[in-house]
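Dear colleague,

Please find the structure below, together with its sequence.

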Amino acid sequence: MASHSESIIREPLVTGKNITYGRVTNEVLFPVENKPNKAWWIGFTVASIGACLWLFAISMTFWYGLGEWGLNKTVGWAWDITGFVWWVGIGHAGTLISAVLLLFRQNWRNSINRAAEAMTIFAVICAATYIVAHMGRPWLAYYCLPLPNQYGSLWVNWNSALMMDVFAISTYFSVSLVFWYTGLLPDIAAIRDRAKGLRQKIYSVLSFGWTGSVKTWQRFETVSLILAGISTPLVLSVHTIVSFDFATSLEPGWHTTIFPPYFVAGAIFSGFAMVQTLLLVVRKVLGLENYITMFHIEAMNKIILVTGSIVGVAYLTEFFIAWYSGGEYEQYTFLNRFIGPYWWAGCMMYGCNILMTQLMWFRKVRINIPISWALSIIVNIGMWFERFVIIVTSLHRDFVPSSWAMFYPTWVDVSVFIGSIGIFFTLFLLFIRVLPSVAIAEVKLLLKSSSEQAKKEQIEHGHLDPEQVEFYKQSLTKFDSVELADYDKV
Amino acid sequence: MSSTKMILGLFDDPDEMMHGIDLLQKNSVPIYDVYTPMPIHGIEDKLGVKESRLGYAAFCFGCLGGSIIFSLVYYTLVHDWPMNIGGKPHFAIPDFVPFTFEWTILWTAFGMTLSFFFASHLFPGRTPRVMDLRATDDRFVVAIDAKGNVPHDDITRILQEAGAVEIKHNDRKYVSYE
């Protein structure tokens, strides 16, 4: 709105010339309203094969039991919990983008929040499958709930961090789903009003009868803001509670108070990396370069740099405390991570998460799309190894050397993990086919204040300080779709 | 007698729509409702829409959820099945915190969102009562109840003056789906 003006020196959040409200709807809904292209089919086929692999491997696990995994008497938790913590961590960026950035009025979230929230939902689904699968008898999963039963006064153990986990993850999933779906309503209504026949009927049911009246919008914004307000502490609590699974034990390498903030930072770190991995492809394949701009990519890279550095400080703190505590088991565990049989996993963890991330101090790296994409995948690999190192290297050698053992994954372990990635991408690819991957209504909100054309108009009509205009023009070099020659005429 | 039930002014720019609302109000033409593809900030004051009370609902649901789970944990852990683990107290409040916190948020989210759906008459499968199909795309629609608002030509003129790209005299209240 005209009353909502923005500083000229801020980079435009929507680039391109002559972007109208109708064009935003057309461009974002293009993949939803048209047949999928070749790239989508290739991606979907590969992902579906992965999903089938998961189905087969998890069926084997359920049929024959946890003996199908490479667990042993010493390493009782391995790839399952590694995968669980990894997926939950990935999920966190979605809530962070949709909730925390909304609270801080960061408008750049508007173009990326929808895809990031969808990613959250799918990542938490993957995490939940691990939790249910590792129970051994998944058909008894309801034992985790405080239900009245015929065993007398037998209740769940509220003192257990695992019980806290059940509540944290289920709440997180439910609230994320509500937040995501409520935000989708106006956009589903937009699809409905352009569709015909069966599609119209389906989207009509899904749109809940949305009309876009003033009062509904007002309530919608209130709900979004309050959901953001309560999701912000929620997202911090969830990974804090996930870290309790380890931190409340006496296991060397786990029993540490730095875990809650360290896990939260790690979650945001890996989550943003996955958002980057997905969005760099989505923007290209779906032609959304005007909405997911270089500014968004650079901003996410800055967050990856900051959280990666926090994780680095946490690693150093862990080492320092292991030494400073004077506990010989603790000291040995950390030494073992470097010189023990799993040294290579430690190298992957430190190399990918600390060394590689530091490249992002250079702006040229931050605004380079192929390098950013490669780094985002490296971060995700590194963060998987972080969880593997914490879990397996701590367990495989604990207090009694006679019980020391190595962990070797079976093909079922590997298939469940690769398959879960398949499940994730299958769901994500289906999502971009049937729902808008950019929040249409929220992007339209930016056209009058933060788009390139609005800024250009401001330069044309406003009495601006030439230095500010010059600064703004220089900042435009980041945008691959902006031609500086256009500004020479202004 | 005219069969027009609704007069719609369709704008392609939110600023012009706001200008149109000003002009209609200046001429004492009551506005039935406004439909937009995105939230328009500041329009509530102009149209006299009261502030949403969903925040109060959120607070109440949060308190309810928190109280329920705290009571359940207290009942099971302290009253129904107290266990002596190393002489530690049964009423160990730190262990109550995560559950109380999670359920406070869960009930706030669900309670408030369901209240929003209830108050706005939104539910799965509800027949959408849309004034114009482009109101969710690129048109900003000001709807005026035609009944009692005569002469209609004056309203049309005001809307034209404000920059409406299209003016419709509909003889049905809603255009679609019914």
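The structure holds four cavities of 30 Å³ or more. Please keep in mind throughout that this is a predicted model.

The largest cavity contains about 60 Å³ of space. Its lining draws on both chains: Val214(A), Trp217(A), Gln218(A) and Glu221(A) come from chain A, while Thr36(B), Pro39(B), Ile40(B), Ile43(B) and Glu44(B) come from chain B. The greatest contribution is that of α7(A), with four residues. Sorted by class, the lining of the largest cavity has five nonpolar, two polar and two charged residues.

The largest pocket has a volume of about 900 Å³. Three elements of chain A give two or more residues to its lining: α3 (79-103), α4 (113-133) and α5 (161-194). In total, 34 residues line the largest pocket, and those nearest its centre are Met135(A), Ala141(A), Tyr143(A), Cys144(A) and Val166(A). With seven residues, α5(A) gives the most to this lining.

**A residue in helix α5 of chain A**

Ile188(A) is worth a look on the display, and it belongs to helix α5 of chain A. Is Ile188(A) buried or exposed? Its relative accessibility is 0%, and therefore Ile188(A) counts as buried. Setting aside neighbours within four places in sequence, Ile188(A) is in contact with Tyr181(A), Tyr203(A), Leu206(A), Ser207(A) and Leu435(A). Ile188(A) can also be compared in position with Trp210(A): the two are 22 residues apart in sequence, and their C-alpha atoms are 8.6 Å apart in space.

**Nonpolar cores**

The largest nonpolar core has 189 residues, and the members that touch the most others are Trp87(A), Tyr262(A) and Met17(B). A second, separate core has nine residues, among them Leu10(B), Val141(B), Ala143(B) and Tyr174(B).

Which residues surround Tyr262(A), leaving aside its neighbours within four places in sequence? Tyr262(A) is in contact with Val311(A), Ala314(A), Tyr315(A), Glu318(A), Met349(A), Glu386(A) and Ile390(A).

**Chain B as a whole**

The secondary structure of chain B comprises five helices and four strands. Read from the N terminus, its elements follow the order β-α-β-α-α-α-β-α-β.

Taken along the principal axes, the C-alpha atoms of chain B fill a box of roughly 85 × 30 × 25 Å.

Of the 178 residues in chain B, 47% are buried. Among the contacts in chain B with a separation of 6 or more, 80% are between residues 24 or more positions apart.

With kind regards

Notes
Residues numbered from 1 in each chain as written. Chains lettered and ligands numbered in written order. Predicted model: local features only at pLDDT ≥ 70, side-chain atom pairs only at ≥ 80, totals over all residues. Heavy atoms only, no water. 1 Å grid on protein atoms, 1.4 Å probe; cavity = no way out; pocket = protein on both sides within 12 Å on 5 of 7 lines; lining within 4 Å. Points joined across faces, edges and corners; volume = space filled by probe spheres on them. Nonpolar A, V, L, I, M, F, W, Y, C, P; charged D, E, K, R; others polar. Core = buried A, V, L, I, M, F, W, Y, C linked by side-chain atoms within 4.5 Å. Buried < 20%, exposed > 50% of the residue type's maximum accessible area, 1.4 Å probe, protein only. Contact = heavy atoms within 4.5 Å.
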